[in-house]
Amino acid sequence: MSLWISGRRTGRIFTRTVPQPAWAITGLILAAQLLSLFWAWNIHAQERHRRGPITLAPGPMLDGGQVVLSTPDLSVKLLRYSGTVASLTPNSQPGLDYTPGDLLRQRSANTFYHLGDLDVRYRSAGATAWTDVSTAYRRSPVGAVSTGADHFSGDVTTSLPAGSPLRIVRTWSTQSGALALRFTLTNTSNTAVEIGGLGIPMVFNNIMNGRTLDQAYAACSFYDPYIGEDAGYVQVVQLRGTGPVLLVVPDGHTPLEAWKPILDRRNWKTGEGLLDNDPTPRGITFEGSFDWMVHSKGYAETDWKGVQEWNPPTSTTLAPGQSANYGVRFLVAPDVRHIEATLAAAHHPVAVGIPGYILPQDMEASLFLRYNSPVRSIVSQPEQAVEIQDAGQNPAGLHVYHLRGRQWGRFRLIITYADGAVQSIGYRTIKPETQAIADMGHFLFHQQWFNQANDPFHRAPSIISYDDAAGKQVTQDSRVWIAGLSDEAGAGSWLAASMKEYLQPDPEEVARLEQFVDGVLWGHLQNRDGPHPYGVHKSLFFYQPALVPGYAYDPKLNWTSWTSWNQEGADDVGRSYNYPHVVAAYWSLYRTARNTHGLVTHHDWQWYLNQAYQTTLAMCSEAPYYTRFGQMEGTVFVRLLYDLKAEGWTDKANRLEALMHARADLWATEAYPFGSEMPWDSTGQEEVYDWTRYFHDDQKAQVTLNAILAYDPTIPSWGYNGSARRYWDFIFGGYPKYARIERQLHHYGSGINAIPLLAEYRLHPGDLYLLRVGYGGVMGALANIDQKGFASAAFHSFPDLMQYDPYSGDYGPNFFGHAVNTGTFVTYDKAMGWLCFGGEVAEHHGVVHATVLDSSRDRLFLAPLGLWITLDAGKIVSADFNQRKHTVKLHLAAASRFVSTARVRIAQTTSEPGPTWTLSSARTLDAGAYVIPLASRQTTVVLRQVTR
């Protein structure tokens, strides 16, 4: 999203030192416009700006010294005054602190949360209103209960308001060999007390405020929840994605029922946070902290009323004198790939869904469970949402279930084990992939088709942004780019439409896409000529009433902020991130024109390929400053270069390659060679990985890949699995009512970050972890498409909403990631057997049969062979891999009205020397692709292995 704002910086939130490339001199002017950015542009942004920074004096919690406890894996320092954590360090990496211990003094005043605090919402018998208390709000010295070499217990009731009916004793213990945090709550009143909210704050060092990029990667971590009841856990991963991973799991019966954000509302006079809030500024460099919610009924009845949560809300009632115990344990996995093994070794339930937790209705999925107690029951909510087949225990000791989604939408699997433990897994069923994107295409080219005559901003005809809550197109928004067909949030819909035609061209839709290109894109959104040829504007829509007399700007919108650019601001061509969208549109039409006949009629394929090339050059000349960073959808430049080479456009290929080499040379000088106009971002990694791999800077490519794995997890949840971390673009591209800092599930980071993950998997097909994470991101883009075809920007994860955003927003880059990256992946795992992502697989007498069901139907990866089969034209129906004869039979779909020949490419992706493959029936090569005539029925071709 755009931060291209005239004006001064509002303060140092995050700093970055970057060498200035010689070809980016004009960027010096633009650099002054780069904001350290709108972490503050949420509910309280204007108030924060007016009131200034937090200036709380250090609190007394630092007085009294510390207590040190150790396990073989962890060392924890506890403050005697508060009993909360001063630092939590893995013994294998003593320089790392998972908590913000380096900010302890700044965060020592009341209302700052620390690991070891507790939030409670309760009501006494007969009361209807709930009361909130927190040990962080008005901190007092803990009352000593017991201390020793292996534990530290304290009575924290002193930090609760006078008259509270609860006594709370907190114990830190290493007695079991693992660090544990436990709470005992006792009802000291004469009446029953219902606990409707019990939250254990998970406070780890994801605070990047005020740090350079290098400092953040050295000190900070990201963390993600599996909101899975008794099987739930939290994983804490260093920003660089390597090294030991902290895992937080239940100790005793402490289910992870909900995940509640700790917000940052504060008293503007004192600077303190309000009750249940932490005054640390949340924003682009601090996502916030969260409560591990054991009980949430008190919120479900009030703050979250009417919302479908991950799990049913619960409460517990304590009779007078009765106590309840809750706790969590801290484990350490050696790295991200060993999280599940570490959980299993600690006798924690582990679930692995293949291909993930988003289920197309025409595809069978598998679920593998590992736990030391047998399954007693498995059911779904709603009851008829999924067909469950119990396949029993496999030779590796995993309990296997086969699933087939029946009802569109969300459902929960509830697994109850013989020992009483309950595991909850969130799934989402979608339409068959080809149907889902067909629905999306119809919606984009009909409901979002803007064809208003005499539009003064020259936006017609186009595929424009959409407000699904209102059921209408977004033709006005004070964030002008949303209605202006540029930036990710304005270009998102026509970018998705372009990539839909690349993946699944439809005659009517291709015709309209060409109308948009000739009528709006080329000549209005993008300059045909003049001093900045091929330059791409920031927005076609702008706010300047004097220039559009008679146009009725909506008086209910706020047109006074920086987001309402005038024409001069909207016409600026200096934001590089706007260029890949345009390149992708041209490139998709080049691919369609090149590989079909009769669909693309306005121009030949050469024109579209040249437009993509010239627009890429213009990005480097007209918008040089931000080209120092990786671009979202930057993969399109790599694909463009390959196509220029394949078509024999050697001079242009060489020029493009030289420009990209200059960018990669800059990245080679940086420890963490990715960023964006944001202080921290998860978008540039995609292109940085692609070019560093292309130019054989494998060390930087690995650094980039590891960074992605830090913020892109595999978790048993359709929402979190493969969902790359994004949490601010609801502000810049979402529905205005819901504009806030909030973890976005399957925002476009999911789709674009899946590109390097699956590319790396094809290089290393033994690394199943990469496939699982990457494919989760590929499928996330499809989950955003609703039953009628509307595609939302992302899902709101906060428990007061839990729904898709009503704005189409910046969905386009997400679908770009899906379109260029999806395929059917077949692999074999020793514990789970033959697996298929994007289709179905079965093995009979040494022949592995794969049915291709992904949305492209033109890509197949056979991992045991390292064989990547792609079709520029034509579709794959299925394939048979004969392990004894070393052959692969491809069954190709029949010829169609627009495709009479298949164009097949074969690549051996692994770096190790191995056999090559030939296509036995192919006699013709065109631009590197085998040309196969298609029949009126399926055509079978055979690939044979040739030993080197």
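View 1. Cys 220 counts as buried at 1% relative accessibility, and Cys 620 is buried with a relative accessible area of 9%; here buried means under 20% relative accessible area, exposed over 50% and partly exposed in between, with a 1.4 Å probe and protein chains only. This is a predicted model, in which local features need pLDDT of at least 70 and side-chain atom pairs count only at pLDDT 80 or more, while totals for chains, interfaces and linings use all residues. Residues are numbered from 1 along each chain as its sequence is written, and side-chain values use heavy atoms, with hydrogens and water left out.

View 2. His 796 lies in strand β33 (residues 795–796), where helices (H or I, at least four residues) and strands (E, at least two) are DSSP runs numbered from the N terminus. At 0% relative accessibility, His 796 counts as buried. Leaving aside residues up to four places away in sequence, His 796 touches residues including Phe 730, Tyr 738, Arg 740 and Tyr 804, contact meaning heavy atoms within 4.5 Å.

**View 3. Helix α15 and its neighbours.** Because 10 of the 10 residues of helix α15 (residues 685–694) are buried, the helix is largely enclosed by the rest of the structure. These buried residues pack against α3 (213–219), α13 (635–646), α14 (650–668), α16 (698–711), α18 (748–763) and α20 (811–821). Just after α15, His 696 takes a positive phi of about 65°.

View 4. Phe 411 and Tyr 427 form a stacked pair, at 5.2 Å centre to centre and 5° between the planes. Phe 411 lies in strand β26 (residues 409–417) and Tyr 427 in strand β27 (residues 422–430), so the pair ties together parts that are 16 residues apart in sequence. Phe 411 is buried at 3% relative accessibility, and Tyr 427 is buried with a relative accessible area of 1%.

Note on methods. Rings of Phe, Tyr and Trp (its six-membered ring) pair if their centres lie within 6.5 Å; planes under 30 degrees apart count as stacked, over 60 as edge-to-face and the rest as tilted.
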